[in-house]
Amino acid sequence: MGLKEEFEEYAEKAKTLPENTTNENKLTLYALYKQATVGPVNTSRPGMFNIKDRAKWDAWKAAEGKSKEDAMSDYITKVKQLQEEAAAAS
């Protein structure tokens, strides 16, 4: 299985993570996913009253230096880690 296929598989698995996954972890996954699929940030930063979208934009901006391959690999690793934590907690 290639990196792209594995990435897509873990993107599906990420949808089944527990509700109590922290916002910090969700933002990390979001940033890595966007970096892997879109590349560097291509929109302007949302206004200060749009807190949720601004946090997502900031997280994505923080991942900007990563290649798409590195972002995919890091995303897979993060989903695995969160799955293990969820399994250990249940």
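Why are Lys-4 and Glu-8 separated by about one helical turn? Because the two are 4 residues apart in helix α1, residues 3-14. Helices here are DSSP runs of H or I, at least four residues long, numbered from the N terminus.

Hello everyone, a quick word on what you're looking at. This is a predicted model, so local features need pLDDT of at least 70 and side-chain atom pairs count only at pLDDT 80 or more, while totals for chains, interfaces and linings use all residues. Residues are numbered from 1 along each chain as its sequence is written, and side-chain values use heavy atoms, with hydrogens and water left out.

Back to our pair. Lys-4 and Glu-8 form a salt bridge, 3.1 Å from N to O; that term means a side-chain nitrogen of Lys or Arg within 4 Å of a carboxyl oxygen of Asp or Glu. Lys-4 is partly exposed at 48% relative accessible area, and Glu-8 is partly exposed too, at 41%. By partly exposed I mean between buried, under 20% relative accessible area, and exposed, over 50%, with a 1.4 Å probe and protein chains only.

Searching the whole structure gives 7 salt bridges, so let me show you two others. Glu-6 pairs with Lys-80, their closest N and O atoms lying 3.8 Å apart. This one links distant parts of the chain, from Glu-6 in helix α1 to Lys-80 in helix α4, residues 68-89, a separation of 74 residues. Glu-6 is partly exposed at 25%, and so is Lys-80 at 34%.

Finally, Lys-61 bridges to Glu-64 at 3.1 Å between the closest N and O atoms. Lys-61 has 37% relative accessibility, and Glu-64 has a relative accessible area of 28%.
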